[in-house]
Amino acid sequence: MANSNLRNLPAWSALTQHFSELANIPLRQLFADDPQRNERFTVQALGLYFDYSKHRITPETVRLLVELAEQSGLRQHIDAMFSGEKINVTEKRAVLHTALRAPKGKQIFVDGVDVVPDVHAVLEKMAGFAEQVRSGAWKGFTGKRIRNVVNIGIGGSDLGPVMAYEALKNYSQRDLDFRFVSNVDGTDFAEATHGLNADETLFIVCSKTFTTLETMANAHTARKWALQQLGDEAAVARHFVAVSTNRVKVEEFGIDSANMFGFWDWVGGRYSMDSAIGLSTMISIGPERFTEMLSGFHAMDEHFRTAPFESNLPVLMGLLVVWYNCFFDAQTVAVLPYEQYLKRFPAYLQQLTMESTGKQVTLDGTRVDYQTGPVYWGEPGTNGQHSFYQLIHQGTKLIPCDFIAFGEALHNLGNNHHDLLLANVFAQAEALAFGRTPEELRAAGTAEWLVPHRTFEGNRPSTTILAKALTPEMLGKLVALYEHSVFTQGTIWQIDCFDQWGVELGKVLAEKIVPELEAAGEPDLKHDSSTNALIRHYRSLRGTAK
């Protein structure tokens, strides 16, 4: 296998040697040898307290990782992204999700055109519509106000809005009910619309081209569902709006193009929650709160763009992922928010990270000879403690963890709920790092036969991220933190983080198989023997289904 340029960088060679010297030094010893370690490896910025002292690193590790970033041209790549260069090389597109949260007056050019005025024009249009729905001024076809908002999308057009809605539900307008449909499985639509009345329901159809197979299947089902109750084609214009750029298709569907909210090809789906794709979010929390969220995004953008790498939160986070993925052979990263409102945050990050860094060739098409994107996963604490933490603590796999927690509870129920929650955050990170030795167990009177079972090796790395409270602004900062961490990883690995060709083949093949499933007679199947047999067996099952 041909070597890529990454392995030829001096910092990579130095890190390889450094890893061989550091790998067997436990965190217990690292803390014992450096009483100021927690101060050395903590960064405070933008209201975030970022403690990465419980990682298997030394100051030399950080120095070498920063050198790796510098030798990889991270600074130049950051400047290229923010200036609108077409760094999505396989699709020849700029990558400017940062422009979605740029303040008025800032200038960002794509092909010689300043895109910031267009961004704010769309935001203002969204705000006007959101206020109409929130106030009840927007009426359905029968004159009733809208009480239910159903977002139809898939991928970033669903994961972003549903994550943001759940994360910011505390700030939402509670007399509006928000639901989300993404799966082409009919159950998703049936359950999302269960108990709703069409005359009080607004559908937001999110599809840039208005041709996305799954989204449009659900959209047409929604159209049929609404018309079955409302009975008049004219009703579509009062109960459907579109987030799209395809005016012709939108109008063919029956949506008034005045209620079409656009975005741009320099916004990737997984980076689009703060574009018009966030219309449901804006209706939920209101334009003012949405603006606060955008300001949080922008604050992290500027930090990433300007802060020295040694104190740059997204850069440090991304470099730690590279460190464990490429040198410790860690295959996953666990994201563990100790905040119930962030229950969909790990799922959102799965697309953001794995669709971005799940690549096997470099920008020039060369096969990599190192590990790229790890698997991201997680659940809110303390629920996860009673399911998969066993494996993190005592399993055979090394799983770096991100703990996310907040100083203030959004619901103060008394009885020390929040103190108990945060105690678990600190305890879990401590237990992962330092474990419990056989000697400690014996000293506590543990029976010898039980000692191996109760021993915790420790030496399991984690980052703890603390903030004051989960607000719209803080959510923007957290999402941008992970966005730019992904960018850092991709730059080091020399991959294109902004295309997603891996999702295409399955869709193409599915479109060929659909008519074979629906054929009246026995279709002429020309797949492999397994696929042919599965198609035939499905047809037989469908034929006997009640």
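This is a predicted model: local features need pLDDT of at least 70, side-chain atom pairs count only at pLDDT 80 or more; totals for chains, interfaces and linings use all residues.
In soluble globular proteins, nonpolar side chains tend to be buried together.

## The protein as a whole

The protein has 23 helices and 13 strands. Its C-alpha atoms fill a box of roughly 75 × 60 × 55 Å, taken along the principal axes. Does the radius of gyration agree or disagree with that of a compact globule? For 546 residues, such a globule would have a radius of gyration near 24 Å, and the protein has 25 Å, so the two agree.

Of the 546 residues, 55% count as buried. Among contacts with a separation of 6 or more, 74% are between residues 24 or more positions apart. The accessible surface comes to about 23,700 Å², and 51% of this surface belongs to carbon and sulfur atoms. As for charge, there are 50 positive and 63 negative side chains, and the centres of these two sets lie 4 Å apart.

## Buried residues in loops

D274 is found in the loop between β9 (260-261) and α13 (279-285). Is D274 buried or exposed? The relative accessible area of D274 is 0%, so this residue is buried. Not counting residues up to four places away in sequence, D274 touches H97, L100, R101, F290, L294 and F297. With F297, the separation is 23 residues in sequence and 8.8 Å in space, C-alpha to C-alpha.

S182 sits in the loop between β6 (177-181) and α9 (186-192). With a relative accessible area of 18%, S182 is buried, because the cut-off for buried is under 20%. Beyond its neighbours within four places in sequence, S182 is in contact with G153, I154, D158, D188, E214 and N218. T446 lies in the loop between α19 (438-443) and α20 (451-454). T446 counts as buried because its relative accessibility is 14%. Its contacts, again leaving aside neighbours within four places in sequence, are with L441, V451 and R454.

## A partly exposed loop residue

Q500 lies in the loop between α21 (472-493) and α22 (504-518). At 23% relative accessibility, Q500 counts as partly exposed. The range for this class runs between the limit for buried, under 20%, and the limit for exposed, over 50%.

Which residues does Q500 touch, not counting those up to four places away in sequence? They are E91, R270 and E355. Q500 can also be placed relative to T353: these two residues are 147 residues apart in sequence and 11 Å apart in space, C-alpha to C-alpha.

## Backbone angles

Most residues other than glycine have a negative phi, and most peptide bonds are trans. Two residues here, L46 and N459, have a positive phi. Phi of L46 is near 55°, and phi of N459 is near 65°. L46 is in the loop between β1 (42-45) and β2 (48-51), whereas N459 is in the loop between α20 and β13 (462-467). L46 counts as partly exposed, because its relative accessibility is 27%. N459 has a relative accessible area of 14%, so N459 is buried.

The peptide bond from G381 to T382 is cis. Its omega is near 10°. Where is T382 placed? T382 is in the loop between β11 (375-377) and α17 (389-394).

Notes: Residues are numbered from 1 along each chain as its sequence is written. Side-chain values use heavy atoms; hydrogens and water are left out. Helices (H or I, at least four residues) and strands (E, at least two) are DSSP runs, numbered from the N terminus. The radius of gyration is taken over C-alpha atoms; the globule rule is 2.2 Å times the number of residues to the power 0.38. Buried means under 20% relative accessible area, exposed over 50%, partly exposed in between (1.4 Å probe, protein chains only). Contact means heavy atoms within 4.5 Å. Accessible areas come from the Shrake-Rupley method with a 1.4 Å probe; for residues, only the protein chains shown count as cover. Lys and Arg count as positive and Asp and Glu as negative; His and the chain ends are not counted. The place of a charge is taken as NZ of Lys, CZ of Arg, CG of Asp or CD of Glu.
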